[in-house]
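Please read the points below alongside the model, which is shown first. They take up the interface between its parts and then the ring contacts.

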Amino acid sequence: MEIINRRQRMSSVSRKVRREQDRTIGLVPTMGALHDGHLSLVREARRLCDVVIVSVFVNPTQFAPGEDFERYPRDLTKDTAVLTDYNVDYIFAPSPEEMYPKNFSTYVTVEGLSEQLEGNVRPGHFRGVATVVTILLNIIRPDFAFFGQKDAQQTLVIRRLVRDLALDTEVVILPTVREASGLALSSRNAYLNEEERHAAAIIYRALTRAESAYAEGERNGTKLAGIVRSTVETEPRARIDYVSVTDADTLEKLDKLNDRTVLIAVAVRFGQTRLIDNLVLNRKDGAK
Ligand code: AMP
């Protein structure tokens with residue numbers, strides 16, 4: 001395994017893999033502090049592709065001033081050890097200056113999808129995500145790129161970006177990996193103290209209560225959101241940022257769900273830590 005820090009080296013390595021060796025490339029973009037959620041993506045990339053590249057880059061442009069960019073957990077040594085065990089071929093770990101050279105001034109905005117939910121609370125977040133993903137896909141030109149359903153809105157933004165800009169990569173979305181308590185794995189869980197971590201399991205309990213109500217025939221979006229909200233509110237440490245019930249593809253707010261595929265997405269704070277999670281109901285392909 002090689003750790004690559006330079007854009008140019010990364011481009012030339014992946015060009016060689018594609019052209020001279022005619023091998024397929026899978027890219028798993030991450031911000032590091034790897035956990036089993038990330039590793040589920042790496043495992044699938046390993047299964048589907050000849051060469052696996054994991055990028056580890058805490059992307060400054062997707063953090064707003066005052067967010068946790070500086071204190072975001074970073075441990076490249078540990079991440080490298082884990083990825084070696086997973087038989088990854090390359091880690092791409094550029095510095096911010098390498099990714100955003102002097103006078104960097106070109107950004108990618110996915111309009112509409114970027115402004116709701118997370119985008120509403122974190123203006124500029126998806127512009128940062130779309131920009132860094134475009135750069136990564138252009139440097140590496142992977143056949144497949146792997147993302148987690150945990151970041152539901154991000155998956156929609158990236159699918160739209162890849163389609164609109166005709167990028168030659170297939171986007172693969174994989175299910176959310178959870179702790180036994182139901183808490184979705186996240187690098188930010190490291191910020192939680194023991195009580196908060198325990199309390200945070202309320203998020204998934206609330207989502208599954210809404211899922212049960214849906215299974216029993218509830219088709220009113222406002223009522224489903226109410227079930228999630230009132231369940232989360234039973235936990236005194238939880239402070240809700242938003243609970244939304246939308247069309248799973250367009251993020252259009254839904255009241256009557258009918259037979260639409262529905263995304264229930266939430267953001268909840270525990271102390272200083274902001275967690276997001278979601279469930280998709282009535283997915284047409286049967287996946288979770
Ligand atoms: P991050 O390092 O948080 O930017 O995440 C990198 C990738 O891992 C993104 O595509 C995330 O959606 C995905 N990911 C993060 N947490 C999970 C999880 N619990 N289950 C599945 N995928 C995840």
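1. Domain 1 and domain 2 bury about 1,600 Å² between them, and 54% of this lies on carbon and sulfur atoms; buried area here is the accessible area (1.4 Å probe) that two parts lose on being put together, summed over both. Of the area that domain 1 buries against domain 2, Arg71, Leu117 and Glu118 supply 33%, more than any other three residues.

2. The model is predicted, so local features need pLDDT of at least 70 and side-chain atom pairs count only at pLDDT 80 or more, whereas totals for chains, interfaces and linings use all residues. Residues are numbered from 1 along each chain as its sequence is written, and side-chain values use heavy atoms, with hydrogens and water left out.

3. Domain 1 covers 2–174 and domain 2 covers 187–277, with bounds that come from an automatic or database domain assignment. Between the two domains there are 2 salt bridges (a side-chain nitrogen of Lys or Arg within 4 Å of a carboxyl oxygen of Asp or Glu). Arg188 forms a salt bridge with Asp68, in which the closest N and O atoms are 2.7 Å apart.

4. Arg71 also has its charged end over the ring of Tyr191, 4.1 Å from the ring centre, and Arg219 lies over the face of Tyr214 at 3.7 Å from the ring centre; the criterion is NZ of Lys or CZ of Arg within 6 Å of the ring centre and within 35 degrees of the ring normal.
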